[in-house]
Amino acid sequence: MATLSLQNVQKSYGGLQVLHGIDVELEDGGFLVLLGPSGCGKSTLLNLIAGLDDISAGDIRIDGRSVVELAPKDRNIAMVFQSYALYPTMTVERNIGFGLEMRGINGIERSAAVKKAADLLQISHLLDRRPANLSGGQRQRVAMGRAIVRNPDLFLFDEPLSNLDAKLRAEMRTEIKRLHGRLGTSVVYVTHDQIEAMTLGTKVAVMKGGYIQQFADPQTIYEKPANMFVAGFIGSPPMNFVTGTLTSDGRLARFEAPGVRVEAPMSSGEIFRAKAAVLGIRPEELKIADVTGSMLTGTIDVIEPTGPDTIVTVRVGDQAVVARLPSRFSSKAGDGVYLRAELAGLSLFDAVTEMRIQL
Amino acid sequence: MAATRRSRRMAADILTYFVLVSMSLFCIGPIAWMFLTSLKLEADIVTQTMQYIPNRITFQNYVAIWTQSSFPVLIGNSFIVTLITVIVCLATGTLAAYAFSRYTFKGRNTLMLGYLVVRMFPAVMMIIPLYVVLRSVGLIDSRIGLALAYTSFLLPLFVWMLKGFFDAAPKELESAARIDGSTRFGAMLWIVIPLARNGLVASSIFVAIAAWNEFLFALMLTTGQGSRTWPVGLQLMVGEFQLPWGVLAAGGILSILPVMLMFALVQRVMVQGLTAGAIKG
């Protein structure tokens, strides 16, 4: 177990800067998820932590000790790769024990450690096989076995579930969470899957273009996104964005758009005069309301029952708003509808800077 | 309709087989002819009517070339020169190919292009400078000198071939090994080389065959019996024995035997090696 501290980490390839001053602190035993779309720099950052690539500036500390000058093998980390990176010429047993073999651990001790890890991951019956003779899920388990057998300070996961089918992915996600709970080792986990980020992370760093957009616990990221990128990236269906104007007198703020009117008390005391703003509403926050308590008024465009609930697209003015409503939904397309949401579930963004506005 | 299509396909098949069989005959013909000649008595070789299949079979030619000429020495020399060439290529070329495949450094592309440029010039052009260099370091007419000369033009080929095989080995495996406790060199040795094993075998055999069969450099850079290789030795026998066709044919067959043997032993590995990377997965 160890803490991880990234201080102003930068990375450039020639003139191209791909990471701009990344600052992250992970507590002992924490689970940090680096989340972002392809090309946001999350895998690069993971490689820098692993020591597979050199940083251009800044510092990386594991348990308070700077590791930037250390080779990957001396950082006492273990990594699970997207492709699993199992050694194809070796058996499962040797794959798992390779790290111990390289560190000069004797055969008996090594076998015992490999067996223990294999038991934990329920792959003891596969030890004599080669990676080519394993299924995707089994390979994934072997890759994890290779990581846990060494008892490292830090686990690094590079999109470990992206090559699995949906069912297996959910299963392995639970398995990873269970393992983390059991071993208590700190984890850095790279993914572009927001479900993995929300379910696994104790801290999530949402990245885009080599910058951290928001670094917080999953709940904060979900409920109080720092900007429109974070708001749109997390959640499925994604957050609705309604453009309109924001007016306030310092005590009461009012957001207005065709078919939309929301009023909320404010504590910042800031005055807005018809400022261009964007209202963010998560589809699951929207509820059917009557005329008096409604915030949005529109007509139903499309109804998509998914089983547990119904996804309803509503035309509000000239904008589309998606609501996730209960499965027993009796209206039909073309009907008028009134919607409302809890004030705490709403977000406001500056239409120009796309940053969150604190009321 | 169907019948026309079938007959058209059959015609295409016949044509394909005709071309393939005639090409194979064209390639195998001289070797088969040489083999048959080596089994004939001298009197049956130059005759009024062509004798395709020998009436009388004799192994006298093989005995003669092995016992009455310096042929065993020539074969021995060829073996040593080939071995040295392959060892030097393996030791230096593997590291070079790995560096080209994995590292980005200043002048990398220029250097790789430079390796190709060496192959661009005809061997005749290289011989005179090479001769001068080898003479000045006292390696003319030595097996090591000849092996070094071979290395000079076979190493680029070896490096280029092997680089392709290294490129095909996933980089993540090495990263995993480096995290698992290997050094960069260890990761190459334990992970990449076992993966590129077929490529290594294929490239080495290419180099070995080229060194084994080489004639021009051997002719120019060796003068004495001590370092002469079989292609030159066999050619020189032409004058010595006043065209003893049977003996020469026996020598030819004996000389290509190692190459055929090597090919037969590793042909599967070699085909695997040469097609690796062509198909992903």
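Author: A salt bridge is a side-chain nitrogen of Lys or Arg within 4 Å of a carboxyl oxygen of Asp or Glu. The model discussed here is predicted.

Reader: Which residue does the side chain of Lys163(B) meet in a salt bridge?

Author: The cut-off is 4 Å, nitrogen to carboxyl oxygen. The N to O distance for this pair is 2.7 Å, so the pair qualifies. The partner of Lys163(B) is Asp167(B).

Reader: How many residues apart are Lys163(B) and Asp167(B) in helix α7 of chain B?

Author: Both belong to helix α7 (residues 143–168) of chain B. They are separated by about one helical turn because their spacing in that helix is 4 residues.

Reader: Is Lys163(B) buried or exposed?

Author: Buried means under 20% relative accessible area. Lys163(B) has 13% relative accessibility, so Lys163(B) is buried.

Reader: Which residues do salt bridges with shared partners join into one network?

Author: This network lies in chain A.

Reader: How many salt bridges does the structure hold over all chains?

Author: One of them joins Asp119(A) and Lys115(A), at 3.0 Å from N to O. Another joins Asp350(A) and Lys275(A), at 2.8 Å. Over all chains the count is 23.

Reader: What separates Asp119(A) and Lys115(A) in helix α3 of chain A?

Author: Asp119(A) is partly exposed, at 39% relative accessibility. Lys115(A) is partly exposed too, at 47%. They sit 4 residues apart in helix α3 of chain A, so the separation is about one helical turn.

Reader: How many residues apart are Asp350(A) and Lys275(A)?

Author: The side chains of Asp350(A) and Lys275(A) meet in a salt bridge. This pair links distant parts of the chain. Asp350(A) is in strand β20 (residues 346–350), and Lys275(A) is in strand β14 (residues 271–281). They are 75 residues apart.

Reader: Is Asp350(A) buried or exposed?

Author: The cut-off for buried is under 20% relative accessible area. Lys275(A) has 25%, so Lys275(A) counts as partly exposed. Asp350(A) has 12%, so Asp350(A) counts as buried.

Reader: How much area do chain A and chain B bury between them?

Author: At this interface, 23 residues of chain A are in contact with 15 residues of chain B. Carbon and sulfur atoms carry 65% of the buried area. The total is about 1600 Å².

Reader: How many salt bridges are counted between chain A and chain B?

Author: One pair is Arg146(A) with Asp180(B), at 4.0 Å from N to O. The interface also has 8 residue pairs in polar contact. The salt bridge count between the two chains is 2.

Reader: How do the residues of the side of chain A that touches chain B divide into nonpolar, polar and charged?

Author: β6 (77–80) and α2 (92–102) of chain A each supply at least two residues of this side. The division is 14 nonpolar, 5 polar and 4 charged.

Reader: What covers the buried residues of α2(A)?

Author: Buried residues of α2(A) include Val92(A), Ile96(A), Phe98(A) and Leu100(A). Their cover comes from both chains. From chain A it includes α3 (107–120) and α4 (136–148). From chain B it includes α8 (171–180) and α9 (184–195).

Reader: Which residue just after α2(A) takes a positive phi?

Author: The angle is about 75°. The residue is Gly104(A).

Reader: Is Thr313(A) buried or exposed?

Author: Thr313(A) is found in strand β17 (residues 309–316) of chain A. Beyond its neighbours within four places in sequence, its contacts include Ile300(A), Val302(A) and Val321(A). Its relative accessible area is 13%, so Thr313(A) is buried.

Reader: How many disulfides are there over all chains?

Author: A disulfide needs two cysteine sulfur atoms within 2.5 Å. Among the cysteines, Cys27(B) is exposed at 53% relative accessibility, and Cys89(B) is buried at 0%. The disulfide count is 0.

Reader: What share of the residues in chain A is buried?

Author: Chain A has 8 helices and 20 strands. Its C-alpha atoms fill a box of roughly 75 × 45 × 35 Å. Of its 359 residues, the buried share is 49%.

Technical notes: Residues are numbered from 1 along each chain as its sequence is written. Chains are lettered from A and ligands numbered from 1 in the order in which they are written. This is a predicted model: local features need pLDDT of at least 70, side-chain atom pairs count only at pLDDT 80 or more; totals for chains, interfaces and linings use all residues. Side-chain values use heavy atoms; hydrogens and water are left out. Buried means under 20% relative accessible area, exposed over 50%, partly exposed in between (1.4 Å probe, protein chains only). Contact means heavy atoms within 4.5 Å. Buried area is the accessible area (1.4 Å probe) that two parts lose on being put together, summed over both. A polar contact is a pair of N or O atoms within 3.5 Å; within protein, one must be able to donate a hydrogen and the other to accept it, and residues adjacent in sequence count only if both atoms are side-chain atoms. Ala, Val, Leu, Ile, Met, Phe, Trp, Tyr, Cys and Pro count as nonpolar, Asp, Glu, Lys and Arg as charged, and the others, Gly among them, as polar.
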